[in-house]
Amino acid sequence: MALNLETRIVARQAGAPPAFTADIAVLGAGISGVSAALEAARLGRKVVLIDGAPQLGGQAVGAVIGTFCGLYSNGPNPHQVTHGIADEILRELGAEGVLHPIRGRRNTIIVQYSETALARWVERTIAATPGIDLLLGAQLIEVERDGRRLTGLKLATRFGPAEVKAASFVDASGDAALAWQAGLACREPATPIFGTQMFVLEGADPAALAKLDRKELQQRLEAKGNAHGIRRHDGFLFAAPDKDTVLVNMTHVATPLDPVGHARAQLDGRDQADRLLAFLRSEYPAALGKARIRTFGQLGIRQTRWIKGRHHLTADEVRQGVRFSDAIGRCSWPIELHDRPDGVHWEEFGDDHMHWIPLGSMLPPEADNLIAAGRCIDGDPAGLASVRVMGPCIAMGAAAAHALDLAGAGSLHQIDIAALQRRLHDNLERRD
Ligand SMILES: Cc1cc2nc3c(=O)[nH]c(=O)nc-3n(C[C@H](O)[C@H](O)[C@H](O)COP(=O)(O)OP(=O)(O)OC[C@H]3O[C@@H](n4cnc5c(N)ncnc54)[C@H](O)[C@@H]3O)c2cc1C
């Protein structure tokens with residue numbers, strides 16, 4: 001058979017970049033952006049879902065987070081507090097046998113998942129849902145704005161620039177990238193909140209690992225961690241059921257927002273992981289003596305920059321369980337603030353505790369057609385440190401889609417809150 005040796009000469013032509021038009025542009029395809037995009041498309045809205053990463057799923061997939069937290073209440077009989085796509089994930093991945101519910105702090109249920117199975121669930125579900133255009137590997141570089149309305153996004157991809165025109169926008173970027181580029185007021189914590197380099201170990205001995213005393217591990221880390229150059233002295237080991245793998249959430253790494261600092265932080269995260277592995281191997285030879293790192297997640301980012309909203313959710317409101325008149329979601333997850341290099345500030349809540357997310361924390365006051373969802377809504381660092389876990393992120397994504405659907409061409413600040421809450425009934429009231 002003759003080889004095909006033909007080529008053609010090409011050169012870049014001047015002209016407008018590819019342009020997408022949509023009712024709703026969602027920046028960020030993490031769990032909150034995916035929830036927003038699916039809910040909006042199912043409401044009949046034309047959606048464009050954009051992410052700078054080359055894949056869907058944000059940190060839930062790329063940073064190998066590994067457990068759904070904040071989906072259930074506390075106590076001996078926890079009930080599910082967020083529904084929507086959470087129901088589909090629990091049902092469909094549960095049927096595949098890739099979910100593993102375990103009891104967590106205050107007896108809540110946290111759900112271990114396979115990140116590859118979640119990635120495929122997101123990909124399959126987005127592909128099967130009409131009305132969603134996808135732009136992956138597309139970094140936001142500019143926001144066009146006409147007074148109180150955002151009108152378009154300019155993006156850079158490896159294949160050249162792209163543009164999006166939309167009637168309304170969801171900032172699900174985690175770092176409030178959209179609000180920031182639009183020139184809106186944003187908040188940053190006064191002192192850093194640490195991220196984590198997650199990784200998966202293989203070669204563990206499951207039987208020996210089951211006997212490992214987690215409290216004693218923390219004491220050893222406190223006593224010997226500094227000598228190993230390990231900054232964080234607590235954390236979690238999540239053993240996969242019946243396998244020799246362990247998900248490790250035990251490092252702390254600063255996650256600055258400048259590109260050079262962030263690149264360096266990635267190397268720092270890997271270095272902390274190496275040090276921790278050396279420590280675990282030498283201290284626990286029976287359980288982890290032969291362990292090696294199978295997978296690194298992307299550097300996990302918790303709280304960096306977020307919107308300045310109409311409402312600033314405070315730790316006291318979380319502690320008191322204030323039920324806001326514009327509540328759109330709920331959770332009972334503790335305040336989990338990673339605000340010091342060596343540990344985490346935990347504040348747990350009682351069996352009947354519930355705290356609530358107000359729509360006002362998702363709305364920048366200076367814009368009529370922009371809503372934030374996920375870990376970049378407005379709160380003080382401790383308040384946000386509870387509602388940024390994945391259960392409430394799913395609820396916020398759903399609320400963003402319904403709020404924009406109700407607003408139409410009008411303002412998000414004037415929607416009928418009772419109508420919104422009727423649509424979000426399951427995430428506010430359901431108890432089964
Ligand atoms: C290490 C770690 C462990 C955690 N453990 C748990 C846990 O066990 N259980 C739990 O429920 N929660 C956990 N959390 C919290 C939870 O994972 C996150 O808060 C949640 O996944 C955030 O979802 P999101 O959709 O808001 O943001 P993300 O998942 O961060 O998604 C944001 C997306 O926006 C994109 N983006 C950002 N800026 C731009 C830009 N300029 N242009 C284009 N795209 C952009 C990013 O690429 C990203 O994909 C953990 C967090 C971390 C960091």
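1. How do the residues of the lining of the second largest pocket divide into nonpolar, polar and charged? They come to eleven nonpolar, eight polar and three charged. Here Ala, Val, Leu, Ile, Met, Phe, Trp, Tyr, Cys and Pro count as nonpolar, Asp, Glu, Lys and Arg as charged, and the others, Gly among them, as polar.

2. This is a predicted model, in which local features need pLDDT of at least 70 and side-chain atom pairs count only at pLDDT 80 or more, while totals for chains, interfaces and linings use all residues. Residues are numbered from 1 along each chain as its sequence is written, and side-chain values use heavy atoms, with hydrogens and water left out.

3. The second largest pocket holds about 480 Å³ of space. Its lining has 22 residues, and Tyr-113, Ser-114, Ala-240, Lys-243 and Thr-245 are the closest to the pocket's centre. A pocket is an open set of points on a 1 Å grid over the protein atoms alone, where a 1.4 Å probe fits, with protein on both sides within 12 Å along at least five of seven lines; a cavity is a set from which the probe cannot get out, and lining residues have an atom within 4 Å of a point. Points are joined across faces, edges and corners, and a volume is the space filled by probe spheres set on them.

4. Domain 1 (19-190 + 304-428) and domain 2 (199-296) each give at least three residues to the lining of the second largest pocket. The domain bounds come from an automatic or database domain assignment.

5. The ligand is surrounded by 32 residues, with Ser-32, Asp-51, Thr-67, Arg-388 and Met-390 the closest; a residue counts if one of its heavy atoms lies within 4 Å. By class, this shell has 15 nonpolar, 13 polar and four charged residues.

6. An N or O atom in the side chain of Asp-51 is 2.6 Å from an oxygen atom of the ligand. For backbone N or O atoms, the distance to a ligand oxygen atom is 2.9 Å at Gln-59 and 2.8 Å at Met-390.

7. The structure holds one cavity of 30 Å³ or more. Among the residues that line the largest cavity are Arg-149, Ser-168 and Asp-368.

Definitions and conventions:
A polar contact is a pair of N or O atoms within 3.5 Å; within protein, one must be able to donate a hydrogen and the other to accept it, and residues adjacent in sequence count only if both atoms are side-chain atoms.
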